[in-house]
Structures are given as structure tokens and as C-alpha cells.
Amino acid sequence: MTSFETRITEDGSKTFYSSEFGETFHTKYGAKTEAEITYIKGCQIPEKIKYQNHLRILDICFGLGYNTAAAIDYILKENPQCFIEIIGLELDENVPIQALNNNLLNDWQPTIVDILQELIINKQVISPNFKLSLLIGDARDAIASLVEQNWQGDAIFLDPFSPPKCPQLWTVEFLSLVAKCLNQEGILATYSCSAAVRTALQLAGLKLGANFCIGRRSPGTLASYNERILPPLSLMELEHLQTRASIPFRDLSLRDTAEIIKKRREKEQLLSNLESTSKWKKRWFNPKKLRKLTDDNPS
């Protein structure tokens, strides 16, 4: 079993580092803060539970369980009458198990830790207040199954490793299935501001908006069928969608490896007549302060 290195983030909460992907599971600016701001605030859960007493959430890449923990914690505090339905998708069940065993969930109150413990061990929690499920396996298979069931959520947390490291979960084909799991007033939230990811979400039929910033990270992305509920993208971000960086990842069979998916995109970029990303950067940024804005590294 792979062991994960524990790292402390800037808000004091802990995360894991994956040697396989060469990335941490959360931003260095704050693991717990990211869950609360990028996903809970981003999906407008505080607003939704003011008029909804049943909330359905899809947590893609459950990981350590922080996003699900933050959602349950917030909803229980603000609207304990709200019935919470969450489906978590996770490839490696050792990740949440090790998070539990290493007490990484202890930033939340004991009640939340108990709920997550039952979910991680039994893969399901059913009570008068909850219906929680944790599905272990390739998210590409799980999402297809949810589409067949016509399952639709009020919020989707999209939290894989970064596009260059895990392109399988950022493709047009995968995100098109994800979009079918979002209801008409629902919101998908992700930390990624990648032009390729945003284009894929557009091709999936969703409208785009800007998510909140965490630390010095660029704004992530929100997506919904209802454009009116989303903060708009800036002109700079819109122009980024007209560059070669916006060419999305493709996985027609939903079976391709990361390398095949990346090479396919690289070939398409080489043949593209779109503006280069470097030219876009020169137009918008002082060269002395130039920094990468494609969220290639989530930390």
C-alpha cells in the first residue's frame, strides 16, 4: 500500500503529497480553506440551503474527504433540517483511509469525523439526515453509471489532480458526462483556471464563471446551465480561451491513458492557427512579473 507524505498548508490544516502525481492533494495556501471557499462558497451552498431542504452533491475525487466534510459541517450548522445526499468518487480507497488513520480530518468537529469514518469504512451512510455513498474505482466508469441512472446534483465538486498530471478527468468526453449530472440551477466548481478545462466545460454545454481565489492562486472556474448565477470571467480570461491553451483534452473511448490523451492534444496544438499562449501573456502581463496562469500545478 502506498504511503503518503503529510504536509502542513498555510492555514494550519494538513494534506498529503502524492509521489505518483508529483503534487499535493490541496493548495499550499490552505487545504481546509480550499474546501470551504472553492467548493462550498463556489457552489453557492450557503445561498442554496436558505431555500432548499434537500441538497444533492457529487464529489469527484473524494481524496482525503475534506470537501465532503466541509459540506456536511456547513449544512449541519446552518440548516440542520436539510437532507444531505452526497456521492463521492475516488480511485484509491487508501487515500481516505490513511487520512482517517493519520487524524487529518481532526480539523472538523468529532461528529463530522464520525460520519466520515463510517463513510470511508462502510462506503455508505444512511440516516434520517444523510444519504452518503463512496464509490471506489475509475471515475469515468462511475460517472457513466450515474448518467444512466439520470442522477443530477445541485453541486459538483471537481477536484482531480491537475490537467497535465491527470488529463483523464478533464476531457471533453468525461466532462460532458459530468455536465449531465448537474441540474439546471446547479453549479460545478473547480480550482482549475485552465483554458483547456474551460473549453471542455463549454463544449459540454455549460456556461462559465470565475471562482474565488485562494492565496495567490488565480481564480478557479464555476460552470452552470444558468449563466445569470455566475460571476463573469474577465476580458483577460475570455481572451485566454482564444489561444492554443484552450485546445481541450480528448478521450473518445473514456479508456485512454494520460500519455495518449496528452500526446493527442499536443498534436492538435501544433496544427492550430490559434494565438500562442506566450503572445497572450505578453499582452496582459509585465514580463518581470510574468507567472503561469494555467493552474498546471494545483498547489
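Figure 1. Lys 123 is partly exposed, with a relative accessible area of 22%; buried means under 20% relative accessible area, exposed over 50%, and partly exposed in between (1.4 Å probe, protein chains only). The model is predicted: local features need pLDDT of at least 70, side-chain atom pairs count only at pLDDT 80 or more, and totals for chains, interfaces and linings use all residues. Residues are numbered from 1 along each chain as its sequence is written, and side-chain values use heavy atoms, with hydrogens and water left out. Lys 123 occupies the loop between α5 (110-122) and β6 (124-126); helices (H or I, at least four residues) and strands (E, at least two) are DSSP runs, numbered from the N terminus. Although Lys 123 is not a glycine, its phi is positive, at about 65°. Most residues other than glycine have a negative phi.

**Figure 2. Asn 150, a residue other than glycine with a positive phi.** The phi of Asn 150 is near 60°. Asn 150 belongs to the loop between α6 and β8 (153-158). With a relative accessible area of 59%, Asn 150 is exposed.

**Figure 3. Packing of helix α1 against helix α3.** Two packed helices are described by the angle between their axes and the distance between the axes. Helix α1 (residues 31-41) and helix α3 (residues 66-78) pack at an angle of about 65°, and their axes are 9 Å apart. Axes are lines fitted to C-alpha atoms, for helices over the stretch in contact, and angles run from 0 to 180 degrees between N-to-C directions. This angle makes α1 roughly perpendicular to α3, a term that covers 65 to 115 degrees, whereas angles under 35 degrees count as roughly parallel, over 145 as roughly antiparallel and the rest as oblique. On the α1 side, Ala 31, Lys 32, Ala 35, Glu 36, Tyr 39 and Ile 40 meet Tyr 66, Asn 67, Ala 70, Ala 71 and Tyr 74 of α3, where contact means heavy atoms within 4.5 Å. By class, the contact has eight nonpolar, one polar and two charged residues. Ala, Val, Leu, Ile, Met, Phe, Trp, Tyr, Cys and Pro count as nonpolar, Asp, Glu, Lys and Arg as charged, and the others, Gly among them, as polar.

**Figure 4. The salt bridge between Arg 140 and Asp 251.** A search of the whole structure finds 14 salt bridges, each being a side-chain nitrogen of Lys or Arg within 4 Å of a carboxyl oxygen of Asp or Glu. In the pair of Arg 140 and Asp 251, the closest N and O atoms are 2.8 Å apart. The pair links distant parts of the chain, with Arg 140 in helix α6 (residues 139-148) and Asp 251 in the loop between α9 (235-240) and α10 (258-270), 111 residues apart. Both Arg 140 and Asp 251 are buried. A network of salt bridges links Asp 138, Arg 140 and Asp 251.

**Figure 5. The salt bridge between Arg 198 and Glu 237.** The closest N and O atoms of Arg 198 and Glu 237 are 3.2 Å apart. Arg 198 lies in helix α8 (residues 195-203) and Glu 237 in helix α9, 39 residues apart. Arg 198 counts as buried at 2% relative accessibility, and Glu 237 is buried with a relative accessible area of 10%.

**Figure 6. The salt bridge between Glu 275 and Arg 283.** Here the closest N and O atoms are 2.5 Å apart. Glu 275 counts as partly exposed at 22% relative accessibility, as does Arg 283 at 41%.
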